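Colleague: Could you walk me through this one while I have it open on my screen? I'd like to go region by region.

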Amino acid sequence: MLRGLGRAFGSQKRNTTILCVRKGTKVVIMGDQQVTLGEKYVAKATTKKLRRAGDSVMVGFAGSTADAMTLLEKLESKLTEFPGQLLRACVELAKEWRGDKAMRQLNCSMIVANDSESLEIDGLGNVITPEVDGVLAIGSGGMFAKSAARALVDIEGMDAEAICRKSMKVATSIDVFSNDNYNIDSLEKTEESEKKKKEDKDKAASSETLKVEPKITPTKDGASGGGSTTSTTEKKGKKGSKGGDAGVQAVLERHEEMVMQRVEDLLNKRMGGSSGVESNRFLGGDIDPRYS
């Protein structure tokens, strides 16, 4: 059983260290730059593991480069679909990542953060928010960095960047798969950013409402106290003389004439060739000649 658990956790091992710390109005994400091939070789000591999805979302990756870039593109498309809704975009990404057979093979974990939210996403369908201390970490050195950051986060006078730098120094001095070359990125919550986020949410909500809500306009009778309303479609139907409505009205009238002619022919045939006058009298409600 323990061997099976080891294989399960081992399949998610990432040879790197990515740390995210949120304190006050500032959030900082930091990662090392070492690329390791297997368990023995260092392929490169200066690579960038942090990216931006748009202007307001920071992303840190632990895993293979190709898989990381694929997930970054998917995340950008979800953020376009759900503007100003980072949590929903990440949940939709995790659902697709977990449910799609091809995406399920992507070997990567990621930390995503904007000025108000921090999230960890992996290929197991997990979308994890941090504890109240605002610390997240992934990779082989993630537990070392997270432990150090949680110990430092309550110290007065240390901001998020100082906590990140100290914690990463501790982690990379222990983890052999991470080095002491760092990339760092940060965001700070401001009134302008909050205003822009609110505008994005309102815009998305209004566009969804316009897709499903019919336009209702009051009629002239309703304005005079009748209280009735007429939809725009119904109003256009009553104006059969304008634009394409005239053509529709003509087709309907022609169809009605054809139906009435067909009914009259059938009645004449059934009554043994009676005249059109008799059939019209019958249609008008007179007694059927067969029963008179």
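Colleague: Which residues is Val 59 in contact with, leaving aside its neighbours within four places in sequence?

Modeller: Bearing in mind that this is a predicted model, Val 59 is in contact with Ile 29, Lys 49, Leu 50, Arg 51, Ala 53, Leu 72, Leu 75, Met 110, Ile 111 and Val 112, once neighbours within four places in sequence are left aside.

Colleague: And which residues of the largest nonpolar core touch the most other members?

Modeller: That core has 22 residues, and those touching the most other members are Val 59, Phe 61, Leu 71, Leu 75, Met 110, Val 112 and Ile 121. At least two residues each are supplied by strand E6 (58–63), helix H2 (65–81), helix H3 (86–99), strand E7 (108–113) and strand E8 (118–121).

Colleague: Which element gives the largest share?

Modeller: The largest share comes from H3, with six residues. There is also a second, separate core of 16 residues, which includes Val 135, Val 153, Cys 164 and Ala 171.

Colleague: Switching to the sheet, what is the order of its five strands?

Modeller: The order is E5-E6-E7-E8-E9, in an open sheet with antiparallel pairing. Strand E5 (50–52) and strand E9 (127–128) are the edge strands, each pairing on one side only.

Colleague: How many bridges join E8 to E9?

Modeller: E8 and E9 run antiparallel and are joined by two bridges, and Ile 121 stands opposite Val 127 in E9.

Colleague: Where does H3 lie?

Modeller: H3 lies across E7, E8 and E9, and its direction is at about 0 degrees to E8.

Colleague: What about the hairpin of E3 and E4, which residue there takes a positive phi?

Modeller: Gly 38 does, with a phi near 65 degrees, in a hairpin that has three residues between the strands. Strand E3 (residues 35–37) pairs with strand E4 (residues 41–44) in the antiparallel sense over three bridges, and the bridge partner of Val 35 is Lys 44 in E4.

Colleague: Last topic, at what angle do H4 and H5 pack?

Modeller: Helix H4 (residues 142–152) and helix H5 (residues 160–174) pack at an angle of about 145 degrees with their axes 8 Å apart, and H4 passes H5 in a right-handed crossing. Residues making the contact include Phe 144, Ala 148 and Leu 152 of H4, together with Ile 163, Lys 166 and Ala 171 of H5.

Colleague: How many of the residues in that contact are nonpolar?

Modeller: By class, the contact of H4 with H5 has 10 nonpolar residues, one polar and one charged. Ala 171, one of the contact residues of H5, is also included in the second core.

Technical notes. Residues numbered from 1 in each chain as written. Predicted model: local features only at pLDDT ≥ 70, side-chain atom pairs only at ≥ 80, totals over all residues. Heavy atoms only, no water. Axes fitted to C-alpha atoms, helices over the stretch in contact; angles between N-to-C directions. Helix = DSSP H or I, 4+ residues; strand = E, 2+ residues; numbered from the N terminus. Left-handed = near helix turned anticlockwise from the far one by under 90°. Contact = heavy atoms within 4.5 Å. Nonpolar A, V, L, I, M, F, W, Y, C, P; charged D, E, K, R; others polar. Core = buried A, V, L, I, M, F, W, Y, C linked by side-chain atoms within 4.5 Å. Buried < 20%, exposed > 50% of the residue type's maximum accessible area, 1.4 Å probe, protein only. Pairing = 2+ DSSP bridges.
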